[in-house]
Amino acid sequence: MELITEADFKNKRMGSAIFQFSASWCGPCKVLSPLLENATKESNVKCFKIDVTTNPSIAREMGVQSIPAVFMYKDGSLTESFVGSRNKGQILEMINKTYGS
């Protein structure tokens with residue numbers, strides 16, 4: 001999963017991708033990251049990570065109050081989001097719902 005900055009986020013969200021807002025000190029983020037990465041590999045959806053510690057303004061703009069926070073964009077539109085952890089099956093279900101199987 002590629003770590004991106006605020007400038008990258010503004011460009012990459014115009015397409016179809018999943019963004020995980022997280023921090024290096026966040027335990028649940030460390031659990032969720034490999035699940036998201038594996039699920040997106042199976043579905044060919046790009047997944048990016050944004051560190052809220054180094055990119056606080058975009059986290060505020062997105063209304064992130066708790067991490068991990070995940071936002072799914074399709075064709076530039078926010079289609080799905082969640083806060084907290086999910087299991088791989090739940091993640092795949094959301095990906096299939098949003099991007100098709």
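Biologist: Which residues touch the most other members of the largest nonpolar core?

Modeller: In this predicted model, the largest nonpolar core has 19 residues, and Phe9, Phe19, Phe21, Met62, Val64 and Ile67 touch the most other members. The elements that give two or more residues to this core are β2, β3, α3 (56–61) and β4. A second, separate core of 13 residues includes Val45, Met72, Met94 and Ile95.

Biologist: What makes a residue a contact of phenylalanine 21, and which residues are they?

Modeller: Contact requires heavy atoms within 4.5 Å. With neighbours within four places in sequence left aside, phenylalanine 21 is in contact with Phe9, Cys29, Ile50, Val52, Ile58, Ala59, Met62, Val64, Ile67, Pro68, Ala69 and Phe71.

Biologist: Why is β2 described as largely enclosed by the rest of the structure?

Modeller: A residue counts as buried under 20% relative accessible area. Because 6 of the 6 residues of β2 are buried, the strand is largely enclosed by the rest of the structure. Ala17, Phe19 and Phe21 point one way from β2, while Ile18, Gln20 and Ser22 point the other way. In a regular strand the side chains alternate between the two faces of the sheet.

Biologist: How do you know that β2 is paired with β3 and with β4, and in which sense does each pair run?

Modeller: Two strands pair if there are at least two bridges between them. β2 and β3 have 6 bridges and run in the parallel sense; within this pair, alanine 17 stands opposite lysine 46 in β3. The chain crosses from β2 through α2 to β3, and this β-α-β crossover is right-handed. β2 and β4 are joined by 5 bridges and run antiparallel, with glutamine 20 opposite valine 70 in β4.

Biologist: Why is threonine 40 called buried?

Modeller: The relative accessibility of threonine 40 is 5%, and the limit is under 20%, so the residue counts as buried. Threonine 40 is found in helix α2 (residues 27–43) and touches Ile18, Val45, Cys47 and Ile95, not counting residues up to four places away in sequence.

Biologist: Why is asparagine 44 called exposed, whereas leucine 78 is called partly exposed?

Modeller: Asparagine 44 has a relative accessible area of 72%, and exposed means over 50%, so the term applies. Asparagine 44 is placed in the loop between α2 and β3. Leucine 78 has 44%, which lies between the limits of 20% and 50%, and is therefore partly exposed. Leucine 78 lies in strand β5 (residues 77–83) and touches Phe71, Met72 and Tyr73, not counting residues up to four places away in sequence.

Biologist: How do you know that cysteine 26 and cysteine 29 form a disulfide, and why is it called right-handed?

Modeller: Their sulfur atoms are 2.4 Å apart, and the cut-off is within 2.5 Å, so the pair qualifies as a disulfide. The torsion about the S-S bond is about 75 degrees, so the disulfide is right-handed. Cysteine 26 and cysteine 29 are buried, and the structure holds 1 disulfide.

Terms used. Residues numbered from 1 in each chain as written. Predicted model: local features only at pLDDT ≥ 70, side-chain atom pairs only at ≥ 80, totals over all residues. Heavy atoms only, no water. Helix = DSSP H or I, 4+ residues; strand = E, 2+ residues; numbered from the N terminus. Buried < 20%, exposed > 50% of the residue type's maximum accessible area, 1.4 Å probe, protein only. Core = buried A, V, L, I, M, F, W, Y, C linked by side-chain atoms within 4.5 Å. Right-handed = clockwise from strand over helix to strand, strands pointing away.
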